[in-house]
Amino acid sequence: VTAAVQAWANAWSAKDVAGYLAFYAANFETPDGLARSAWEAQRKERIERPKSITVDVKVSKVTVRGDEATIVFRQSYHSDTVKSNNTKTMKLVKSGDKWLIRSERAGA
């Protein structure tokens, strides 16, 4: 689970939109009930716009129950236009040999 989240952050930092989006489960709960296609278009624009992005993850808690996991971590995001540092909680599901993101939320 930790390795999957680190790889997700690495894809985001590398501005690899396709790689980044591949970490999200088909049944990912998009924010505000957005259509998946609209959410993906929004993420693509937000990843491609900055000249550079660095995302650092410091994991504080991982809970695994069968094919579901919850991970809590501190996310540090830096681009040439925005800096943020917050706690994020993700729920992941096992799909084959991969962990995919089903939901994510900022805040404790």
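# Chat: loop, core and pocket

Visitor: What does the side chain of Thr 30 reach at 2.5 Å?
Guide: The side chain of Thr 30 reaches the backbone oxygen of Leu 34. That falls under polar contacts (a pair of N or O atoms within 3.5 Å; within protein, one must be able to donate a hydrogen and the other to accept it, and residues adjacent in sequence count only if both atoms are side-chain atoms). Do keep in mind that this is a predicted model, where local features need pLDDT of at least 70 and side-chain atom pairs count only at pLDDT 80 or more, while totals for chains, interfaces and linings use all residues. Residues are numbered from 1 along each chain as its sequence is written, and side-chain values use heavy atoms, with hydrogens and water left out.

Visitor: Thanks! Where is Thr 30 found?
Guide: Thr 30 is in the loop between H2 and H3. Helices (H or I, at least four residues) and strands (E, at least two) are DSSP runs, numbered from the N terminus.

Visitor: And is Thr 30 buried or exposed?
Guide: Thr 30 counts as buried because its relative accessibility is 16%. The cut-offs are under 20% relative accessible area for buried, over 50% for exposed and partly exposed in between (1.4 Å probe, protein chains only).

Visitor: What about Leu 34, where does that lie?
Guide: Leu 34 also lies in the loop between H2 and H3. With a relative accessible area of 30%, Leu 34 is partly exposed.

Visitor: Which residues does Leu 34 touch, not counting those up to four places away in sequence?
Guide: Trp 39 and Gln 42. Contact here means heavy atoms within 4.5 Å.

Visitor: Changing topic: how many residues are in the largest nonpolar core?
Guide: It has 26 residues, and those with the most contacts inside it include Val 5, Trp 8, Trp 12 and Met 90. A nonpolar core is a set of buried Ala, Val, Leu, Ile, Met, Phe, Trp, Tyr and Cys residues joined through side-chain atoms within 4.5 Å.

Visitor: Which element gives the largest share of this core?
Guide: H1 does, with 6 residues.

Visitor: Now the rings. How many aromatic pairs does a search of the whole structure find?
Guide: There are 9 of them. Rings of Phe, Tyr and Trp (its six-membered ring) pair if their centres lie within 6.5 Å; planes under 30 degrees apart count as stacked, over 60 as edge-to-face and the rest as tilted.

Visitor: Why is the pair of Trp 8 and Phe 73 called edge-to-face?
Guide: Because the ring planes of Trp 8 and Phe 73 stand at 65 degrees, with the centres 6.2 Å apart. This pair links distant parts of the chain, as Trp 8 is in helix H1 and Phe 73 in strand E2, 65 residues apart. Trp 8 is buried at 0%, and Phe 73 is buried at 1%. Trp 12 and Tyr 20 form a tilted pair, 5.5 Å centre to centre with 55 degrees between the planes.

Visitor: Which residues form one aromatic cluster?
Guide: Trp 8, Trp 12, Tyr 20, Tyr 24, Phe 28, Trp 39, Phe 73 and Tyr 77.

Visitor: Last topic, pockets. What is the volume of the largest pocket?
Guide: About 560 Å³. On a 1 Å grid over the protein atoms alone, a pocket is an open set of points with protein on both sides within 12 Å along at least five of seven lines, and lining residues have an atom within 4 Å of a point; a cavity is instead a set of points where a 1.4 Å probe fits but cannot get out. Grid points are joined across faces, edges and corners, and the volume is the space filled by probe spheres set on the points.

Visitor: Which of the 24 residues that line the largest pocket are closest to its centre?
Guide: Trp 12, Arg 43, Arg 46, Gln 75 and Lys 88. The largest share of the lining, 5 residues, comes from H3.
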